Amino acid sequence: MATLKLQHSNQLIPQNPQFNPKNTTKNPTITQLITTSSPKTRTLTITCGLRNMGPKKPLWRSSVLSTEAIQAVHALKLAKCPTKLDLVFDSRLSRLLKVDLLDTLCELQRQNELDLALKVFEFAKNESWYRPNLDLYYDMILLLGKNKQIEKAEQLFNEMKKEGLEPDTRAYTELIGAYFQASMVEKAMETYTQMKASGCIPDKLTLMIMVRNMEKAGREDLSASVKRDFEEYVDEPEQFLEQVERKYARDPLVTV
């Protein structure tokens, strides 16, 4: 909060000759407080309504949904036919601020409302403020993978490239996770190979997902191939392998 400091002197404020300190109430007036204070100049601090916003947060990661975003989510879920759904988009979503629209999309993804999330995603891409963004694609590919909509996940992955976005390690990892959700082990391995060939470096999450899901699928040959990459991509490969095996014993399946 911004503050404004004002200074005043008691000598500039007329004294009240009728004031009797014996008659002071429990809640003295401002005049009483001033006339009984010392003659020294005092500093009065006034708090203004200017907010210190601090570091900016990602627009689609607000900690609390606004009333408009909550109402939009409810309205979308209540619309049971295409006509009503179009009306919601025209009357509500078209009026949302960028942050509220993206929060609406994020909340639909969280609630696993796949069809509605896809519609809002396409709607957002037609807004004047929209710029291609990898983060938006990450979450949509993840959601599609959870629902085993692999073809659509592949379409979005290719769409990123058409929009001028270069898939990074996270994008490849989300697609790999989608393949594992659908038990498409060979496609996951193929995408992992493409990721390395593109220059993207597998991180620890990618490697762990690959090894544990390959072993879960009984593909020890592919798992061994990924483990050999530990030497190249992990600082302490032996310790990391122990970590993977220890966690695998507790939770045999890991996805993105």
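# Salt bridges, ring pairs and a nonpolar core

The side chains of Lys227 and Glu215 form a salt bridge, with N and O 2.8 Å apart. Lys227 sits in helix H11 (residues 220-228) and Glu215 in helix H10 (residues 204-216), so the bridge ties together parts that are twelve residues apart in sequence. The structure is a predicted model. Its protein chain has 13 helices and two strands.

- Side chains of opposite charge can pair when their charged atoms come close.

- The buried residues of H11 are Leu222, Ser223 and Val226.
- These three cover an arc of only 100° around the axis, so they lie on the same side of H11.
- Their cover includes helix H9 (185-197), H10 and H12.

**A salt-bridge network around Lys125**

- A search of the whole structure finds ten salt bridges.
- Glu122, Lys125 and Glu159 are linked in a network of such bridges.
- In one of its links, Lys125 pairs with Glu122, and the closest N and O atoms are 3.3 Å apart.
- Both Lys125 and Glu122 belong to helix H5, where three residues, about one turn of the helix, separate them.
- Lys125 has 14% relative accessibility, so this residue counts as buried.
- Glu122 has a relative accessible area of 32%, so this residue is partly exposed.
- Lys125 also forms a salt bridge with Glu159, at 2.2 Å from N to O.
- Lys125 lies in helix H5 and Glu159 in helix H7 (residues 150-162), so this bridge ties together parts that are 34 residues apart in sequence.

**The surroundings of Glu159**

- Leaving aside residues up to four places away in sequence, Glu159 touches Phe121, Lys125 and Tyr137.
- Glu159 and Tyr137 are 22 residues apart along the chain, and their C-alpha atoms are separated by 9.2 Å.

**Aromatic pairs**

- The whole structure holds four aromatic pairs, according to the search.
- In one of them, Phe89 and Phe123, the ring centres are 5.2 Å apart and the planes stand at 55°, so the pair is tilted.
- Phe89 is in helix H3 (residues 82-91) and Phe123 in helix H5 (residues 114-125), so the pair links distant parts of the chain, 34 residues apart.
- Phe89 and Phe123 are both buried.
- The rings of Phe230 and Phe240 have centres 4.9 Å apart and planes at 65°, so this pair is edge-to-face.
- Phe230 lies in helix H12 (residues 230-233) and Phe240 in helix H13 (residues 237-250), so the pair ties together parts ten residues apart in sequence.
- Phe230 has a relative accessible area of 2%, so this residue is buried.
- Phe240 is buried as well, because its relative accessible area is 3%.

**The nonpolar core**

- The largest nonpolar core has 62 residues.
- Within this core, Leu76 and Leu93 touch the most other members.
- Leu93 touches Ala72, Leu76, Val88, Leu101, Val120 and Phe123, not counting residues up to four places away in sequence.
- In soluble globular proteins, nonpolar side chains tend to be buried together.

**The chain as a whole**

- The protein chain has 256 residues, and 36% of them count as buried.
- Among contacts with a separation of 6 or more, 67% join residues 24 or more positions apart.
- The accessible surface of the protein chain comes to about 16,000 Å².
- Carbon and sulfur atoms account for 51% of that surface.

Terms used
Residues numbered from 1 in each chain as written. Predicted model: local features only at pLDDT ≥ 70, side-chain atom pairs only at ≥ 80, totals over all residues. Heavy atoms only, no water. Core = buried A, V, L, I, M, F, W, Y, C linked by side-chain atoms within 4.5 Å. Buried < 20%, exposed > 50% of the residue type's maximum accessible area, 1.4 Å probe, protein only. Contact = heavy atoms within 4.5 Å. Phe/Tyr/Trp six-rings, centres within 6.5 Å; stacked < 30°, edge-to-face > 60°. Helix = DSSP H or I, 4+ residues; strand = E, 2+ residues; numbered from the N terminus. Salt bridge = Lys/Arg side-chain N within 4 Å of Asp/Glu carboxyl O. Areas by Shrake-Rupley, 256 points an atom, 1.4 Å probe, with all protein chains shown as cover. Arc of directions from axis to C-beta.
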